[in-house]
Amino acid sequence: MNGNYIEETLINEIGLIGDFIERDKEIIFLNVMTVEADKRIGKLNLETYPIDKNISYFTNYPGQYIKVLSSKSQFFFGTHGSENFYFLDLYSSNIVKMDWNGNYSIQQFKFNENQLELNPEKIHNPVDIIDQLHISEPFHIGSHLNISQSNLLIPIEKGMNAYGTIVFDTEKKTTKIISTFEDGLEEILPNQALSAPGDIYSQTAIINIDPDYAYEKNNIHESRTK
């Protein structure tokens, strides 16, 4: 807990680990350098791997794999009080609940109009996707999940901008849409979507706000109240 170096495990067989989740010296990882779906998610034991070099791949990839030459900060999302976890791939509309044996269930989210559609047979350049987001402003799931004991908060984006948040009840399998969070400062900072998870144990969430935007809104609010 003091930040001291303890040990290092070198895994030459993997191009680049984009994210991993750990339990009892085992990790489940995502290899972001491969376009082969059956070599994308794997599991290994950190104690025995230096000796046996054993990696177990989840060959039955959960859902449709969209091949994008890019990455993001987090793909796996742990749950509080459970050994299950969630997996959200880049530009995917599938929220995948997984266990440590590779078993999974998929909750797919579809928008009624103008949904981001990417060809699963093509390898996509992220620049082309960003151009599509700017030009046609399609709806798509954001890159993070916020998890409580019975709900998922899933950000909705329209093009490059936050649009709203889906509240998914994992027990009842129902959804609600939140268009605006009322935080007591809504006249200054009208929030529409959660942009990143906080600590799952404190069940918090983070909203990112451009400081220039906040400063501008605050000046407008002060001029109205004078």
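**Ground rules.** The model is predicted, so I took local features only at pLDDT of at least 70 and side-chain atom pairs only at pLDDT 80 or more, while totals for chains, interfaces and linings use all residues. Residues are numbered from 1 along each chain as its sequence is written, and side-chain values use heavy atoms, with hydrogens and water left out.

**Sheet β1 to β4.** I looked up the strands (DSSP runs of E, at least two residues, numbered from the N terminus). Four of them form an open antiparallel sheet in the order β1-β2-β3-β4; two strands pair if DSSP finds at least two bridges between them. β1 (17-23) and β4 (56-57) are the edges, each with a single partner strand, so one side of each has no neighbour in the sheet. Between β2 (residues 26-31) and β3 (residues 41-45) I found five bridges. Ile-27 stands opposite Leu-44 in β3.

β8 and β9 pair over five bridges, and Ile-95 has Gln-107 in β9 as its bridge partner.

**Aromatic pairs.** I noted nine aromatic pairs in the structure. Rings of Phe, Tyr and Trp (its six-membered ring) pair if their centres lie within 6.5 Å; planes under 30 degrees apart are stacked, over 60 edge-to-face, the rest tilted. Phe-29 and Tyr-57 have ring centres 6.2 Å apart and planes at 80 degrees, so I logged the pair as edge-to-face. Phe-29 is in strand β2 and Tyr-57 in strand β4, so the pair ties together parts 28 residues apart in sequence. For accessibility, buried means under 20% relative accessible area, exposed over 50%, and partly exposed in between (1.4 Å probe, protein chains only). Phe-29 is buried at 0%, whereas Tyr-57 is partly exposed at 23%. Lys-39 lies over the face of Tyr-57, 5.6 Å from the ring centre; the cut-off is NZ of Lys or CZ of Arg within 6 Å of the ring centre and within 35 degrees of the ring normal.

**Asp-89.** I placed Asp-89 in the loop between β7 (85-87) and β8 (94-98). Leaving aside neighbours within four places in sequence, Asp-89 is in contact (heavy atoms within 4.5 Å) with Arg-40, Tyr-61, Tyr-65, Lys-72 and Phe-75. The charged end of Lys-72 sits over the ring of Phe-75, 5.1 Å from its centre. Tyr-61 and Tyr-65 belong to one aromatic cluster, which also includes Trp-100.

Methods. Helix = DSSP H or I, 4+ residues; strand = E, 2+ residues; numbered from the N terminus.
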